Every structure is written in C-alpha cells, then in structure tokens.
Amino acid sequence: PAPYLTSDEPLRLVLWVGGVWLGLIAMLALTGLLAAARSRVSAVTGLLLGMLGSLVMLMFVAVPPQTPVYGVDARYLALGGGAVYSIGWLFFGWSILRSRLFSRGDGLLLMLAAPLLGAGGVWLAPLHTLGALLTLAAGIGIAWTSGRLVPAVGRVAAKSRGQATAPAR
C-alpha cells in the first residue's frame, strides 16, 4: 500500500494533500471552461464527484489502515473515496471528449489518468506519479487550446470603442 497510509512519512502526506487540492482547483477551472459547452452537465457532475471523493479519501487516508471506522477498515474507506475521485476525473475526460472544443486526445488522457489519480494511487503510490504526468500532458493540451476560447482583453476593448486593431503576432 501507499506509504502515506501508514502515516510514517508526514511530508509525503502533506504534499499528496496539496496535489489533491491542486486537482480540485483544476476541476473547478475545467468546469468554468466547459460552462457554455454542450457537456457542461457531465463537467458539473465530475466536479461534484471529485469534491466528494477527495473529501472522503482525505478523511481516511492518514488513519492507520487497520483502524475500524463505522465497522470497516479505514483503508477501504480511503479506497472508496479514491474510486469516487477517479469517477469524477472520468467524467471530466468524457466532457472534454464530448465538448469538441478541445482535442480528443486530451479527454482520452484524462480518462486514462483517472484510475491512477484516485483509487490506483491510494493503493500503490507510484501510480500517482504516472497519473500526474498524464494529467499534465492533457492540461498542456487544454491550456494550449483554451487560448483561442478566451478573447484577448486588448482586442475586445478596442473593438468596443470602434478602433481598428493590429493583427496578432
């Protein structure tokens, strides 16, 4: 099992919690980008599932594995929260794939990274690294493509005043 489940390495646990927090920020940003797309319902569903899964996962991941919580070992509750977190990322991959605003490869990369970020990463720590690299690759593609979705501020202000704008360089 992942080393932070035994609570022997507190720095690794703090860094992992920071990584999950950054994942939630990324989910929130993706939901904002997909708010006007046809896949906004699956994006909001992914955000809600990601928030629920991360809450459950973070509550029980630092508890020693054999500790009974509500009659169940804490590691199973952490794995269940990780599974819900993974399903949230699967919804985001699906919404990116379905939106047709971004590259299909970005959605597929998020869908491949989903099980590694949640349940797989809770079970075996190196899977988090692989999932993070896949998410980084998808995030670079999404950031590259989203530049054309949001208009430049200077051009919009000049057009509203009726001035001609120079072509972008």
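Mentor: A crossing is left-handed if the near helix is turned anticlockwise from the far one by less than a right angle, and right-handed if clockwise. This model is predicted: local features need pLDDT of at least 70, side-chain atom pairs count only at pLDDT 80 or more, and totals for chains, interfaces and linings use all residues. Residues are numbered from 1 along each chain as its sequence is written, and side-chain values use heavy atoms, with hydrogens and water left out.

Trainee: Is the crossing of α1 and α2 left-handed or right-handed?

Mentor: Helices are DSSP runs (H or I, at least four residues), numbered from the N terminus. Helix α1 spans residues 10-33, and helix α2 spans residues 40-60. Where α1 passes α2, the crossing is left-handed.

Trainee: Is α1 roughly parallel or roughly antiparallel to α2?

Mentor: Axes are lines fitted to C-alpha atoms over the stretch in contact, and angles run from 0 to 180 degrees between N-to-C directions. Under 35 degrees is roughly parallel, over 145 roughly antiparallel, 65 to 115 roughly perpendicular and the rest oblique. The axes of α1 and α2 come within 9 Å and cross at roughly 165°. The relation of α1 to α2 is therefore roughly antiparallel.

Trainee: Which residues of α2 make the contact with α1?

Mentor: Contact means heavy atoms within 4.5 Å. α1 brings W16, V17, V20, L24, M27, L28 and T31. α2 brings A43, V44, G46, L47, G50, M51, S54, M57 and L58.

Trainee: Is α1 roughly parallel or roughly antiparallel to α3?

Mentor: Helix α3 spans residues 74-99. The axes of α1 and α3 come within 11 Å and cross at roughly 30°. Therefore the two helices are roughly parallel.

Trainee: Which residues of α3 make the contact with α1?

Mentor: The crossing of α1 and α3 is left-handed. From α1 come V20, G23, L24, A26, M27, L30 and T31. From α3 come Y85, G88, W89, F92 and I96.

Trainee: What separates the C-alpha atoms of L24 and Y85?

Mentor: L24 sits in helix α1. Leaving aside neighbours within four places in sequence, L24 contacts G50, M51, S54 and Y85. L24 and Y85 are 61 residues apart along the chain, yet their C-alpha separation is 9.8 Å.

Trainee: How many charged residues are in the contact of α3 with α4?

Mentor: α3 and α4 (residues 104-117) pack at about 175°, with axes 7 Å apart. That angle makes α3 roughly antiparallel to α4. The contact includes W89, F92 and W94 of α3 and R104, D106 and L110 of α4. Its residues divide into 13 nonpolar and three polar, and the charged count is two.

Key: Nonpolar A, V, L, I, M, F, W, Y, C, P; charged D, E, K, R; others polar.
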